[in-house]
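Open the model in a viewer and colour it by chain.

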Amino acid sequence: MRASTVAYCLLGAAAAVGLVVSARRAGPPETAEGRRLYRFACWGAAQELRELKERVVGPVNAEAEDFRVELVHIPSDYRTKLCTMIAGGTPPELFYLSQEYVATFAAQGALLDLTELVAQDGRGACDLKQYYPSVLAQYRHGGRLYGLPWIAQPVVLYCNARLFRQGGVALPDRSWGWQKFVQAGNALTRDTDQDGRMDQWGFIVNGWPPVRMWIWQNGAELVDRESGLLRLTDPAVTQAVDAYAALIHRHRLAPPLSVVAEAGFAEMFRAGKVAMFMGGAADDLDRTPGLEVVVREVPAGPGGRRATFAWSAGLHVSAAVKDPRAAFAVYKKILERIHRWKIPAPRRPLAARLEEFEPRKAPAAAVIRSSMEYMRTPVGFPRQVEFDTLFQEEFEEPILRTGRPAAELAPRAARVLERLLR
Amino acid sequence: MMGGAYLQTLLRFTCLAAVVASAMLLLHRLLRRLRCRDETAAGYAFVLPWLVGLVTFSLLPMLWSLYLSFTRYGVLSQPQWVRGQNYAAILSGDPIFLTAAVNTAAFAALSVVLGITASLMAALLLSLNARGMGLWRVVYYVPSVIPAVSTALLWRWIFVPEGGLANGLLAAAGLPRPGWFHDPRWVIPAFVIMSLQGACGNNMVIFLARLRGIDAQLYEAGVMDGAGVWARFRHITLPQLSPVVFYHLVTGLVGGLLLFTQPMFIRAPGRSGLFYVPYLYRTGWEELRMGYACALSWVLFAALAVLTALVVLTSRRWVSYEASDVQALEPSRALAPRGIRRGLWHAAVLAGALVMLVPLLWMVSTSLKQPNDLFAIPPKLLSWPLKPQNYVDAWRAAPFWRFLFNTLFVAVLATAGQTLSAALTAYGFARFRFPARRALFGVLLGTLLLPGIVLIVPVFLLWRAFGLVGTFDPLVLGSLLGGGALQVFILRQFFRTLPRELEEAARLDGASHARVFFRMILPLSWPAVLVVVLITFQGHWNDFLGPLLYLNREAHYTMTIGLRYFEGKFMGEAPKWHWMMAVTTLMAIPTVLIFLIAQRSFFQGAARTRPRGPTA
């Protein structure tokens, strides 16, 4: 064999060895300074991330002697990254999950069953009696508990007080139902510059707030909680959807979808173009510079029936953790901190201290707590995301865009949606 | 230590390069020992890196996705074999599949035809000899380097029905104002118009190069025979351009049918804006039905393969391959128009330039706006006073200096690796005849046809098996094993223009194939290499999904991830559009600067890489 060939072989072998050895040492260490490492996947923009580090992860790490929590911040495409990590066998030990995905992840065995661990602890964040039942229900699947919520936001009504004053309309109160809401909205919808086009609107919708709120307020359910059957064609459901769409097409107190899509949904409210906006209790709309915003409860439905939508997100433990007890201990520390940072906390004793955790929400605290008593979440099931997408495409969006009667589209949409519930 | 992460990646990059080089040399020796011809041994040696990368990062993941297409796979759990249920569901009339397929086919057909027309018209305008032509070419080309995400956001605002720029101009002209992205009848046309912004990029350059290479004597002969302008265009120009049209037709169809990024940022009514690959992404990554998504991807692959084959087969009737190989006896010298026609020509060039520049101007103006003016109705081009502080605020809102360094580190290393690998592979295909060469080249082009989204998980598993998830390596090391199909294609075309006599003379003098390649071919190929460097750098600079999937620590993040910090999708925090546009503007600067500095070499390189027909 030629000398050069031997040289090339040796060079290649040396390089290959170097490659393998350095690759084996690559990647995050299992322990850091002798401590167990727990990766915590989270979402959030820049400000949120900073607060999470300062108020949750930093203090937990400062107190910890035998572990360290490392944030895995995923600013966008959260699900893609999280699912890739799980499917790739490198799941983060702790992670956020939006409520509509809990059943899906639980059904596929990606979440640690916390039922026994929570029951054995039973204190603080593990005292299930403290939680709002409607929110906690989202984190159960097949009778088992797969996570705990770290926030439970009811939808509340943000009102531009200056526009109400200018329009001579009284601010909303608990006596408001659909009728008063529509009357006020009409009075606050105006062509302020007399150019023939409305430029101030009483309200705004674009698929948010969820039409389910109207359905619940009308005494109906989209998916029956007991039987799991679809109720889309029930008259009470279609009437509620028609009432929702009428805000745009009949009463004309909300702008068309095309205007909303480009001007920006919340942005129109922040620009002072919309008098009433339904948003999450934790939203910062009431701190918009240059606006005087008050927070009220959403109007009741016919017969004074109160219901509002609750959005929650949970903290979960990966089913792949090697030591569930140790991971759960870290989980609980993190959760307790988050409950005292993000408002509204999903636990009644902590919701009562809302002003303490977020002083800027003090003026709205009573409204938020009152709303939490009747907030509701959709029925959770493994194909919920697909169901919500098809519900929006096949039923809700065409109605909002064209104003067609809900009863006309309901049968066809029901045929598409029912197979997802089986 | 942070510095350790960079050094480790650099070390492994160097080691891998050494391993690849050794493997190439050893393969050549081995094949020669087995009595193979020198040309066969050299050919396989040069394409070895691409072959290894093909098997590792393409074929194996593709086979895996093919298997998954016959399963019910929710990503988070193990696949369950369901035989052909997924395909049966698709082909028996999944209404969403049909809608997405029809939308995508309509878009692809329109965008290809109009895109080729627009790029040809732009090339015709800019092929004339006139003062300042170089500057106009830059103006027409630069918008094509804007990231796809920015393009989508910009055109959303241009097409705002009430007071947007497009409808404002139409109203001023007394024309009807469509709803664009908000009217189901106008969604597809709006996407097609948006796609034309990129038509004056590389497509125009390649047309321009070919136009300037048409022999002037052909036109003179036509004039002497009494042919008018249209007749000369139809019987001389078009046939001479036919190979380029063929190339744009194939690449345009593939690009149109694989449209992904822009629809993800534009919400259209109902399903009027639902395209095939976004539907595939939604099915796999939002609804977690990856088995079905894989089946969708293979249906698309089959359709693309059939379409491409049809175009290739029919091309023999209308593509003049003989003409494309004729070297111009003297360059075509179309004279600049005179008189009133000169004025019309100037007006047309100026109008086209304005159309090209408007999205750029809108991007910059948004970056300087006050937050309250972002959604002013009607939209404002300028906000007063300007707020350049947006740039400072955006940069300070996240560790962008670190992100910038990480992006440069990844982009430079990956560009170097990919360019070298592409050059080696292209040289192997261009210069050596070895068994299965044509089939392998076909496979190389075929890898363009499968959406990469369904390969995410198997490729991730590979990198995890190597122990390299959480490092820069998945973004960098793979560049040494493949080079990219487009880059290989471009360089192969260029290498084929180089006279073989140079290499033969060097070989007779005792130079090895490696020495010929590095000391002769590469230096002669500088313009084409520059084209590949620019395209590759741009791709890595704007890459988002790769960094998102493989980087876990904020200190490792790149600019594209940092940009998403301003989206504010959660918890009621409003998106900071002005900051996003500020960072986007900053991100566009490097690629624009590189192009401005190297544009002469770039156009020269593009001219030499123009397609010459499908003959391998």
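The model is predicted: local features need pLDDT of at least 70, side-chain atom pairs count only at pLDDT 80 or more, and totals for chains, interfaces and linings use all residues. Residues are numbered from 1 along each chain as its sequence is written, chains are lettered from A in the order in which they are written, and side-chain values use heavy atoms, without hydrogens and water.

**Domains.** Select 3-154 + 311-376 of chain A as domain 1, and 155-309 + 383-421 as domain 2; the bounds come from an automatic or database domain assignment. Their C-alpha centres lie 32 Å apart.

**Boundary.** Next, select the contacts (heavy atoms within 4.5 Å): 19 residues of domain 1 of chain A meet 24 residues of domain 2 of chain A. About 1900 Å² is buried between the two domains, 54% of it from carbon and sulfur atoms; this is the accessible area (1.4 Å probe) lost on putting the two parts together, summed over both. Show K361(A), Y374(A) and R376(A), which supply 38% of the area that domain 1 of chain A buries against domain 2 of chain A, more than any other three residues.

**Salt bridges.** Two salt bridges link the domains, each a side-chain nitrogen of Lys or Arg within 4 Å of a carboxyl oxygen of Asp or Glu. Zoom in on R376(A) and E221(A), which form a salt bridge whose closest N and O atoms are 2.4 Å apart.
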